[in-house]
Amino acid sequence: MRIAIQGTVGSFSEAAARRRWPDLEPVPCREVQDVVACVREGRADAGILPIENSLIGSVTTTYDLLQEAFGDGTLRLTHEVMLPVHATLMGLPGADLAGLRRVLSHPVALGQCRIWLGKHLPHVELVSAWDTAGSAEIVAREGNRGLAAIAARQAADAHGLVPLAERIEDDPSNQTRFLTFTRADAHVPQSANGPFKTSLIVCVDHKPGSLALTLQAFGARGVNVTALQSRPERSKPWTYRFYVDVGGAAGDPRVAEALEEIGALAAELVILGSYEAWPDGALRFATPVPTPAHYVQKPEIPLVDRRRNPAGTVVAIGDREFGGGTPVLIAGPCSVESEAMILETAALVAAGGGDMLRGGAYKPRTSPYDFQGLGVKGLRYLARAREETGLPVVTEVLSWEEVPLVAHFADMLQIGARNMQNFSLLRAASRSGKPILLKRGAGATIEEWLMAAEYILAEGNPNVVLCERGIRTFERATRHTLDLNAVALVRERTHLPVVVDPSHAAGVSSLVPPLGLAALAAGACGLIVEVHPNPSAALSDGFQSLDPGQFAALAKQVHPGRDQRAKVLKAVNSEP
Ligand code: PEP
Ligand code: MN
C-alpha cells in the first residue's frame, strides 16, 4: 500500500501509519492538504492525518481541512490510530548539548517538550519547521554540530544522526491521534463489529441552547461524545463551527436518530464519516448501550413476564433484598427540607427499624409556586444521612437530563407517578445502572405500568422494583385509592418485586399503618412511607406523614421479632 504521510521518512505520521499497515510504502507530503490531494489524485492508496495530541491538543491545520477533504464524499475516513509519542533530540555525530545553538522541529513537537527545553537548553533558539523528520533531514544536510532536531527516534537512523537526549516530552503518556482515509470507492477492510466512531461538523446559530441541542441529541440516547472542538468560521467573524466525535457508526440507530435531529435544527451539519476506533482510545471509558428495543425483534415473551423468572427476581441494594423474603421498609420525608432535618429523620428511621431512607431533592409539585426541593444540596444532604446511618437512599429523578446527577448520589432512583410514561426518562434511568423504583401512574392501567417497566428492562437494566401508590377513582374521601388488586395481580404477571406506598395512596397518616400491613398481606415485598420529625411543619405532604412514634410502631409490625433479636444479640455481645 502506498500511504501518503505528512513529513518525510521517519516522521511520527509514518510510525502511526505503520501501526495499521506495517509494510506500507510511504509517500511523503509537505503539508496536510498535500496528503489529501495525493490520495484524491490517486498518487497514494490511502493517507493519514494527525488530528490531536494529548499534550498540545488539536492539530488545527488538520481540523481546518476536514470539511473540504471529507464533506463531498469523494474520500472516506477508515481508521483511527493512536501513537505513543516519544520525542528524541538528535544531532550530528560528535554534537553535544553544550554546543547546540538552534533546535528545529514541528511546533507541536516543540510544544510537547517545553519543560525539558526550558530546563536543559534555555538559551538555544527554537525554530519551527514543517515536520519533525524533515528537521532531522535539515540538520543532516547542513552538517552543523550546533543544530539539533526533535523527532521520533527512527528519524535519527533514517538521516544518519545520533540521539542527544531521549524521551524529552513533558509527559510520558504523550500520544497523538491520527485518522486514516482512502477514496470512497477503495476497499479497505474494517472489522464488522467496530468499535466505530463518527465525526461531524455542526454550525449553530447564536441562540441560547443551540449547541446544547447537539450534545443533548446524543446524550439523550446514551451516545458518548468523545471529543468537541470549536474553530472560528473564517469568513464570518465570531461565529464558530463545532467538530464533534461520537461513539458509534452513523448507521447505528441511536446515532442516526441524533443526526436527524441535529440536521433539522442546526444551521449546518456535515457528516465527515464513520471509522473504526482505536481499541484503547476514548471509547473504552463509555459503557456500551443496547440497540433501542424498537429496532430489534420483539421478544415472544415480554421481559417483565413472570415466565422469564418463575422464582421471582430479587433486587438487592447492599444487604437489603426486594423480593428476598424479608420486607424492606423504606421511610423518610416527602422532601429533604434542610440538612439538619434529613439527618434527624434518617436517625429516627434507622433507630425505629427502617431499612432504607427516602426523601425528595427534586419534587414534582402540582403548583409551580410550591417548594420544588433543594436540588443538588438536597442530594448532598441525603448522601450525608447515608454516611451517618448506613441507610441506602432512594430519591426521585424528574427529567432525563438530571439522571447522571441524581444517580451519582442515590442508591436507587425513583420514577414518580407523574413520570411513569416519560419514556426518555425511563431509558436514561435504566442506563444509569442504578436500581429503579417505578411508581404506578395514578391513571395508569396495570398493563401500562408493566410496559413502562419493560422500557427499563429493554434498555439493559434488570433491577426494577414496582411501586403501587394509589390510583385516581371516583372516591374523594382519600387522596387516592390503594389498588391491592394490582399488587396481587402483578405478582402473577411479573417476576419483578412490588412494594406499596400507602402514604400517597391514603393522603392521611392514620390510614398508613393499616394499608401498609394489608399490602404486605397481599404480597408486597416492602413499603415506602413518609415520615417527618414534625409533620405539621412539613413543606410537603405533612398530612400523610407519620410522626416518629407512629413510624416506630409500624416498623415493629413490619419487622416483628427484630426488636427481640436485637435485644438478644445485645445481651449475648455484652456477656463477659
Ligand atoms: C413522592 O414519593 O413524594 C411522590 C411525589 O410520589 P408519587 O410520584 O407517587 O406521587
Ligand atoms: Mn410526597
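Okay, let me start with β14, which gives the largest share of the lining of the largest cavity, three residues. Keep in mind that this is a predicted model.

So what's in that cavity? The space in there is about 50 Å³. Among the residues lining the largest cavity are I51, Y63, R177 and D245. Besides β14 (240–247), the elements giving two or more residues to that lining are α3 (60–70), β11 (175–183) and β12 (196–203). By class, the lining has eight nonpolar residues, one polar and two charged.

L379, R386 and F409 are among the residues that line the second largest cavity.

Next, the largest pocket. Its volume is about 980 Å³, and 35 residues line it. Which ones lie nearest its centre? Those are G222, V223, T287, P288 and V289. Helix α9 (253–265), α12 (403–409) and α13 (423–431) each put at least two residues into the pocket's lining. Of the lining residues, 17 are nonpolar, 13 polar and five charged.

Last stop, the metal. What coordinates the manganese ion, ligand 2? You'll find C334 through SG, H504 through NE2, E530 through OE and D541 through OD, at 2.0 to 2.4 Å.

How values were computed: Residues numbered from 1 in each chain as written. Chains lettered and ligands numbered in written order. Predicted model: local features only at pLDDT ≥ 70, side-chain atom pairs only at ≥ 80, totals over all residues. Heavy atoms only, no water. Donors = N, O, S within 2.8 Å, 3.2 Å for Na, K, Ca; no water. 1 Å grid on protein atoms, 1.4 Å probe; cavity = no way out; pocket = protein on both sides within 12 Å on 5 of 7 lines; lining within 4 Å. Points joined across faces, edges and corners; volume = space filled by probe spheres on them. Helix = DSSP H or I, 4+ residues; strand = E, 2+ residues; numbered from the N terminus. Nonpolar A, V, L, I, M, F, W, Y, C, P; charged D, E, K, R; others polar.
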